Amino acid sequence: MGHDHHHTDWKHDGVRVIPADQLDPTTAGQTTGMNRATAINFARVGAQKIWAGTVHIHANAKTGAHHHGDLESVIYVVKGKARMRWGNNLEFVAEAGPGDFIFVPPYVPHQEINASSDETLECVLVRSGQDPVVVNLDIEPAEKPENVAWVDPIHKHPGHADPNSKR
């Protein structure tokens, strides 16, 4: 199989549990109104391909428009209401609540917004790489963004006709 794991010290190089109170708040690339804390990265646990941590966005706070280069990002909403705007002029919008996942592909201009005026938005964030890439963009936002509902491309919901079907 190519890998010889018979001599690996699984006790110290195996599964790692990072307690909630031991995340690293000194994450590079902090944004005003937002607190990121690292749980998983190379320096902390030896992760090679992913970064994971938490992000808390203060009530009424939002990031500026930005993208994360060639990284893919997954955001899991733990508490609160996330409003995401994206597009060349942030012309699209969708909201996510507790239990929802958000996927941000590489190079997509976007903005994270806490849609609550009195509750902190708490999320788990996972990225496909180690570098804290944040490319800030000078974008003139669209006045009224278009609301975009997600449709599962694999499991089409009843009532959503597939224009390619031969019925």
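**A surface patch, a core and their pairs**

Guide: On the surface, Val74, Tyr76, Val78, Phe101, Phe103 and Val124 form a nonpolar patch with about 520 Å² of accessible area together. The model is predicted, so local features need pLDDT of at least 70 and side-chain atom pairs count only at 80 or more, while totals for chains, interfaces and linings use all residues. Residues are numbered from 1 along each chain as its sequence is written, and side-chain values use heavy atoms, with hydrogens and water left out.

Visitor: What makes a group of residues a patch?

Guide: Members must have over 30% relative accessible area and no salt bridge; like charges are joined within 9 Å, and nonpolar side chains (Val, Leu, Ile, Met, Phe, Trp, Tyr) within 5 Å. Areas come from the Shrake-Rupley method with a 1.4 Å probe, and for residues only the protein chains shown count as cover. Strands β4 (73-79) and β7 (101-104) each supply at least two residues of the patch, and β4 gives the largest share, 3 residues. Strands are DSSP runs of E of at least two residues, and helices are runs of H or I of at least four, numbered from the N terminus.

Visitor: Which residues have the most contacts inside the largest nonpolar core?

Guide: They are Ile57, Ile75, Val77, Ala82, Ile102, Leu121 and Cys123, in a core of 15 residues. Two or more core residues come from each of β2 (51-57), β4, β5 (82-86), β7 and β9 (121-127). The set is called a core because it consists of buried Ala, Val, Leu, Ile, Met, Phe, Trp, Tyr and Cys residues joined through side-chain atoms within 4.5 Å. In soluble globular proteins, nonpolar side chains tend to be buried together.

Visitor: With which residues is Val77 in contact, leaving aside its neighbours within four places in sequence?

Guide: Val77 touches, among them, Ala82, Ile102, Leu121 and Cys123; contact means heavy atoms within 4.5 Å.

Visitor: How many aromatic pairs are there, and why is the pair of Tyr76 and Phe101 given its class?

Guide: The count is 2. The ring centres of Tyr76 and Phe101 are 4.8 Å apart and the planes lie at 55°, so the pair is tilted. By the rule, centres must lie within 6.5 Å (for Trp, the six-membered ring is used), with planes under 30 degrees apart stacked, over 60 edge-to-face and the rest tilted. The pair links distant parts of the chain, Tyr76 in β4 and Phe101 in β7, 25 residues apart. Trp86 and Phe92 form a tilted pair, 6.0 Å centre to centre with 35° between the planes. Trp86, at 24%, is partly exposed, and Phe92, at 25%, is partly exposed.

Visitor: How do you know that Glu95 forms a salt bridge with Lys81?

Guide: A salt bridge needs a side-chain nitrogen of Lys or Arg within 4 Å of a carboxyl oxygen of Asp or Glu. The closest N and O atoms of Glu95 and Lys81 are 3.7 Å apart, and a salt bridge is formed. Glu95 lies in strand β6 (residues 92-96) and Lys81 in the loop between β4 and β5. For Arg83 and Glu95 the closest N and O atoms are 2.6 Å apart, again a salt bridge.

Key. Buried < 20%, exposed > 50% of the residue type's maximum accessible area, 1.4 Å probe, protein only.
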